[in-house]
Amino acid sequence: MKKTSYIHALFIAVCLVALCVFSSCGNKSQEQTEATIDTIPMMVLQIQKCNKLYTTEYHVHKIVTHDDEVKLKGSILKQDFSINLPLGKRKIAIPMDVTLKAYVDLSKLTEKNIKKSGDKIEIILPDPKVMLTSSKIDHEGVKQFVALTRSSFSDEELLKYEKQGRDDVIKSIPKMGIIRSAQVSAANTLIPLIQQMGYKEENIKISFRKEFNFNDLKMLFDQTSIEK
Amino acid sequence: MKWNRYITPTVLSLTGYLLTAIIVLAMVVGVFHYIKGSSISISKDDRIDVTPNQIASIKNIAEWEFLSINDEELVDTVRRGFFGDDELVRIYYGTLRLGINLNKAEDDWIKVEKDTLICKLPPIELLDENFIDEAQTRSFFEEGKWNAKDKQRLYERARTMMRKRCMTKANISTAEENAKEQFSKMLTSIGNKNVKVTFEE
């Protein structure tokens with residue numbers, strides 16, 4: 001009788017342990033479900049007070065092109081090789097328009113930047129900056145050629161090329177002369193404003209900290225519009 | 001010498017196996033050494049070609065920005081089908097700039113009355129209707145084929161959503177307050193003691 005009761009007790013204990021194990025497993029899976037991260041990025045809304053005077057606007061047109069060919073690449077015995085595979089070509093041309101604007105950040109203008117002597121006034125403006133304010137893809141104008149043996153361009157691929165086109169426009173900013181235009185335009189906007197305050201045009205001088213060279217121009221791009 | 005008759009073939013066969021193993025090992029090491037440093041792969045160049053950037057237009061503007069709002073919108077479109085649904089999901093980025101356009105100001109928008117400088121600013125507006133940086137868009141999910149019209153529709157929807165989210169009364173009022181504060185500060189620093197900043201109706 002004793003033996004039978006021991007077996008019963010052992011059976012019950014095994015069942016309880018199994019039940020505990022299964023229930024804990026169930027909890028774990030529930031916890032895992034709860035801990036799942038939402039892969040959809042959060043909507044970000046960043047509001048910032050500022051005081052920027054935009055003085056010049058450039059519209060830049062660019063046609064991004066790409067030739068896509070599958071290659072067999074490698075190296076054998078330190079000899080590199082690259083062979084075009086006869087799998088067919090893919091070609092694409094994406095027209096895009098980019099808007100660049102140059103501005104002067106007037107929140108940095110302090111009393112130190114204003115020199116007055118008698119009826120003369122000189123304002124030394126902060127360094128102008130350039131910002132990419134918008135870009136637009138001409139979807140209707142996109143032309144693509146895809147060989148029958150190849151898959152068509154995916155949305156991700158197209159956006160990758162468009163991003164490269166945007167970066168190329170940013171790189172070419174120093175060659176565009178936008179900073180010089182911004183300086184002249186800033187003076188043309190501010191002089192009438194100061195004239196209204198009672199100063200004569202010939203007594204108003206708008207100047208900048210320095211003449212910018214090619215290397216300085218690279219630094220005058222507003223970094224906030226580079227990467228999201 | 002009976003034992004020699006049995007042992008010798010065994011020893012010989014053992015030596016044979018050992019030699020074969022050494023040769024095979026040496027061959028494996030040799031082939032491995034030969035292959036090491038060699039590589040082969042199928043690849044494609046993802047870089048775009050070098051094309052010119054053409055300046056289409058240059059314009060002198062006088063836009064004074066007092067509030068900037070960075071926004072991102074997740075926009076999707078679904079096409080129902082017999083064998084399954086197609087879906088395209090994209091994330092658009094944009095910056096809405098609120099401020100005044102001085103080109104729209106009245107001729108006497110800034111004038112001196114007695115000892116006070118009165119500044120009457122044009123109403124706060126969205127400075128540029130093109131505020132989406134479409135080349136920064138991220139493709140989140142794509143199933144099926146989508147044409148130019150579909151993508152243009154998504155862009156327009158993202159624009160409407162951003163406008164709705166950002167052009168609120170609260171944001172316009174914040175921009176107005178900041179404009180008043182900044183203009184007063186700037187005009188005071190130029191040397192005007194009494195400054196009054198208002199907005200056109």
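**Ground rules.** I am working with a predicted model, in which local features need pLDDT of at least 70 and side-chain atom pairs count only at pLDDT 80 or more, while totals for chains, interfaces and linings use all residues. Residues are numbered from 1 along each chain as its sequence is written, chains are lettered from A and ligands numbered from 1 in the order in which they are written, and side-chain values use heavy atoms, with hydrogens and water left out.

I looked up the second largest pocket, for which I noted a volume of about 360 Å³. On a 1 Å grid over the protein atoms alone, a pocket is an open set of points with protein on both sides within 12 Å along at least five of seven lines, and lining residues have an atom within 4 Å of a point; the volume is the space filled by probe spheres set on the points, which are joined across faces, edges and corners. I found 17 lining residues, and A:Gln144, A:Phe153, A:Leu158, B:Trp146 and B:Lys151 lie nearest the centre of the second largest pocket. Helix H2 (155-171) of chain A and helix H2 (148-166) of chain B each supply at least two residues of this lining, and H2(A) gives the most, with three residues. Here a helix is a DSSP run (H or I, at least four residues) and a strand likewise (E, at least two), numbered from the N terminus.

**Entry on salt bridges.** A:Arg209 pairs with A:Asp127, their closest N and O atoms being 2.6 Å apart. A:Arg209 lies in the loop between strand S9 and helix H4 of chain A and A:Asp127 in the loop between strands S6 and S7, so the pair ties together parts that are 82 residues apart in sequence.

Is B:Glu73 buried or exposed? B:Glu73 is buried, with a relative accessible area of 1%, whereas B:Arg165 is partly exposed at 36% (buried means under 20%, exposed over 50%, partly exposed in between, with a 1.4 Å probe and protein chains only).

Definitions and conventions. 1 Å grid on protein atoms, 1.4 Å probe; cavity = no way out; pocket = protein on both sides within 12 Å on 5 of 7 lines; lining within 4 Å. Salt bridge = Lys/Arg side-chain N within 4 Å of Asp/Glu carboxyl O.
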